[in-house]
Amino acid sequence: MFAVHLLSFYFTKLQEDQIKKVDRFLYAMRLSDEQLLDISRRFREEMEKGLSRESNAAAALKMLPTHVCSTPDGSEKGEFLALDLGGSKFKVLQVKVSEDGKRKVQMESETFPIPEEIFNGKGTDLFVHVAQSLKTFMQKNNINQKKKPLGFTFSFPCLQSKLDEGVLLSWSKNFKARGVLGTDVVQALSQAISNVEGIDVDVLALVNDTVGTMMTCGYDDQHCEVGVIIGTGTNACYMEELRHIDLVEGDEGRMCINTEWGAFGDDGALDDFITSFDCEIDAASINPGKQLFEKMVSGMYMGELVRLILLKMAKRGLLFKGRVSDALRTKGKFQTKHVCMIEEYKDGLRNTKEILTELGLSPTEDDCIAVQHVCTIVSFRSTNLCAATLAAILTRIRENKKLKTLRTTVGVDGTVYRTHPQYAKRLHKVVRRLVPDCHVRFVLSESGSGKGAAMVTAVAQRLASQRKEINDTLAAFTLSTAQLQQVKERMRVELERGLKKDTHYTASVKMLPSYVYRTPDGTERGKFLALDLGGTNFRVLVVKIRSGIRKSVCMYNKIYAIPLEIMQGTGEELFDHIVHCISDFLDYMGMKNTRLPLGFTFSFPCSQTGIDKGTLVSWTKGFKATDCEGHDVVDMLREAIKRQNEFDLDIVAVVNDTVGTMMTCAYEDPKCEIGLIAGTGSNVCYMEAMKNIEVVEGDMGQMCVNTEWGGFGDNDNIEDIRTKFDREVDQGSLNVGKQRFEKMTSGMYLGEIVRQILIDLTRRGLLFRGRITEPLKTRGIFETKFLSQIESDRLALLQVRSILQHLGLDSTCDDSIIVKEVCGAVSRRAAQLCGAGMAAVVDKIRENRGLDHLDITVGVDGTLYKLHPHFSGILKETVKELAPKCEVEFVLSEDGSGKGAALITAVARQHYREA
């Protein structure tokens, strides 16, 4: 028994001695975590260089855009052909992707050899050989469909400017076909196919094998956004934010980047990690100084690296008693498959002895242990290097997404990863150690590159089909110059009809007199109370106006909420609530015993017969209080003050918010004679010649007319530009058939139009994987403020996704792009329609005055104009295009409705004193 223990101890000691001997000899290949993190950092820097237009030319990592912008979403369907060319054999596949929701993929394939004289001969011969093999496969499988879509996996570095084009940058893996470098390989393949009679295919996509791997795994796992190949060659790809890829136009969405990481170190970035053995490998290769990382990692060089180490150790007397066989001296005799066999857990030592014996060596037990450890160090270094570079990619994805923790999937393929008994397990372990904040699932690709090419083709076909449907849907929101000109002309007709006594009643644009006869001239002064009712909030203000050298306006205000039950309750309850708020404000200001002149901003259509008389024509913006329409709002306010019996006020003027906006801006700019509101509601007012206002007596001077253009179209004169979505929104509103123009242009409705479009696209399987969530079914959930946020140029798609997730919509990157596009189409149309209406107004003023050219200012207020990133610009462009004889300046109003009410009250008091 003692003898057995002694023998076991001796053998263990012998093993330790052999391992230490190899460790000392190959210490430079054993990398610590600190070194790996340093390599990872260097790789990150090289990625940045490759992505930048300025440094790409000199970068070792080329970071090639693939023009693959989407991973599979499971809705792909159809039959596709695929070619997989990347080694001494190539494969032709027919891939059938089911459409029955089972996400089933059927494949038939055949492998064809490529004779050495072809892959080292003329490029034209190579592609003719591929085309003839494709024809053989198609005939054998009775494939005779016209324009059969084909994806081409081409596992060599190519510069792509689009999905179906790729210029070969360099050969690798011993390929040297002449006349192909610098040419488009898709064109070369298509030409060869057209020269081979009897087949009709359409090459839709050129794919790198690494991209194919990612796409294959992405079909089964939609979290897959990285592909890695560790086989004869090595490479990685991943989904990068488009805004970071300088070599490609556009900044929305993502695109798969083929890193070509085999070239990492070609610029000296790995010089301090490259050993003398690596230098020997490189010097003897067909591309010295190139693909240095690949030569340290991939299966093409791993066996040769071990052979060189064993040869040198033997020559130094550290192995095989210093004896060297001819086979050990011969390049290529020790292959990577031998490394895999030697590192097998149970049979490793026995395999080692057999392999070494076949090489003409007579290994001892300790030789076998040492050789096994050499293989372990070489393969483990390969694992460590791949883990370090993969960690860099994962960290970049996590930071791109601004996540503390990333959950993602990596699709992997390659003979080394598949066949080496320890490689996969080691890689997973090291990656998780280097990036603990990235939870990574590794998925082995099945028929990766071939099936992947078919998947890229299927995704491209799906996206093309979806793109057409989306374009068709949004086409209805794209208005031509001719259509906008028509809108302008029709608006002009309605403006005239609203001013004339005999057509005023039937006009959709009511052109209501405001009894404001002039804009401020700077002589206004005094202290005024102002009320502002126009939305879900109600404001009470005290405004002090000074004239002369110290001309100024000071304001103090308080905001009060109007609950929904009061907005849609009785008129008496609404006005009692308003008076209660006024009472609270006067208490707050200590002014309850002061009888101040009051201006009442009431932002709803009113028919006025005097400055202090306004009969409500109709509620808008969600208000529906009963017993108000057809009643004088000033009388209702006075009656509520009497019921309260706590204070008294001198109600001088009832004012529309649009008029208030014009008056506020006119106080600073005498050229301001138009007011525009582009917010919750939409409206315009302007100074019209009294002689044109037939519903008011007198024809001297001017009066501000409140157009109430939100009602434009209520007489069906814009039905040709209304969409089914506009009609859906109208049907769900409180005032069906009314305010049609406002429902196409104002903040209260734009979000709802977007929601209706999103439901339609989702129902047709074009968004959110066809799932209509409960939040999406909820009317009003998509507020117009989300349009402004989503369309912001500063907002990355990641933040768009965050907004959608906040709304309960689980979106992909592609979904976010489509949602942003929908928002853009809806808001652009709204701005253009407002611009067309404004063009009608300014041209009317110009013609009223008999001018060839008009210089005028528009005072503007409203959240849509203020907050939306593009609304104001599109509005101005449209006015400029449709009213070229008018120079229109837009000035943003500061507190138009409150300050404006006070100014109107001041102007009205002066007017009546003068009268």
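Colleague: Quick one to start: is asparagine 645 buried or exposed?
Modeller: Exposed, as its relative accessibility is 67%. The cut-offs are under 20% relative accessible area for buried and over 50% for exposed, with partly exposed in between, using a 1.4 Å probe and protein chains only.

Colleague: Before we go on, what sort of model is this?
Modeller: It's a predicted model, where local features need pLDDT of at least 70, side-chain atom pairs count only at pLDDT 80 or more, and totals for chains, interfaces and linings use all residues. Residues are numbered from 1 along each chain as its sequence is written, and side-chain values use heavy atoms, leaving out hydrogens and water.

Colleague: OK. Where does asparagine 645 sit?
Modeller: In the loop between H20 and S21. Those labels are DSSP runs numbered from the N terminus: helices are H or I with at least four residues, strands are E with at least two.

Colleague: And what's the phi of asparagine 645?
Modeller: Near 55°, which is a positive value in a residue other than glycine. Methionine 63 has a positive phi too, near 45°, and it's another residue other than glycine.

Colleague: Where is methionine 63, then?
Modeller: In the loop between H2 and strand S1 (64–65).

Colleague: Is methionine 63 buried or exposed?
Modeller: Buried, with a relative accessible area of 1%.

Colleague: What does methionine 47 touch?
Modeller: Leaving aside residues up to four places away in sequence, methionine 47 touches Leu61, Met63, Tyr238, Ile393 and Arg396. A contact here means heavy atoms within 4.5 Å. Methionine 47 belongs to helix H2 (residues 33–51), and at 0% relative accessibility it counts as buried.

Colleague: Switching to cysteines. How many disulfides are there?
Modeller: Zero, from a search of the whole structure. A disulfide would be a pair of cysteine sulfur atoms within 2.5 Å.

Colleague: What about cysteine 886?
Modeller: It's in no disulfide either, and its nearest cysteine sulfur, that of cysteine 672, is 15 Å away. Cysteine 886 is buried as well, with a relative accessible area of 8%.

Colleague: Back to cysteine 375: which helix has it?
Modeller: Helix H13 (residues 365–400). Cysteine 375 is buried, at a relative accessible area of 0%.

Colleague: Which residues does cysteine 375 touch?
Modeller: Not counting residues up to four places away in sequence, Val306, Phe334, Val339, Ile342 and Glu343. Valine 306 is 69 residues from cysteine 375 in sequence, yet their C-alpha atoms are 6.4 Å apart.

Colleague: Last topic, H19. How many residues does helix H19 have?
Modeller: H19 (residues 571–589) has 19 residues, and it reaches 27 Å from its first C-alpha to its last, close to the 27 Å expected at 1.5 Å a residue. That expected span is 1.5 Å times one less than the number of residues.

Colleague: Which residues of H19 are buried?
Modeller: Among them are Leu574, Phe575, Ile578, Val579, Ile582, Phe585 and Leu586.

Colleague: What do the buried residues of H19 pack against?
Modeller: Strands S15 (526–533), S16 (537–546), S17 (552–561) and S18 (597–602), plus helices H18 (564–567) and H20 (633–644).

Colleague: And what comes just after H19?
Modeller: Glycine 590, with a positive phi of about 65°.
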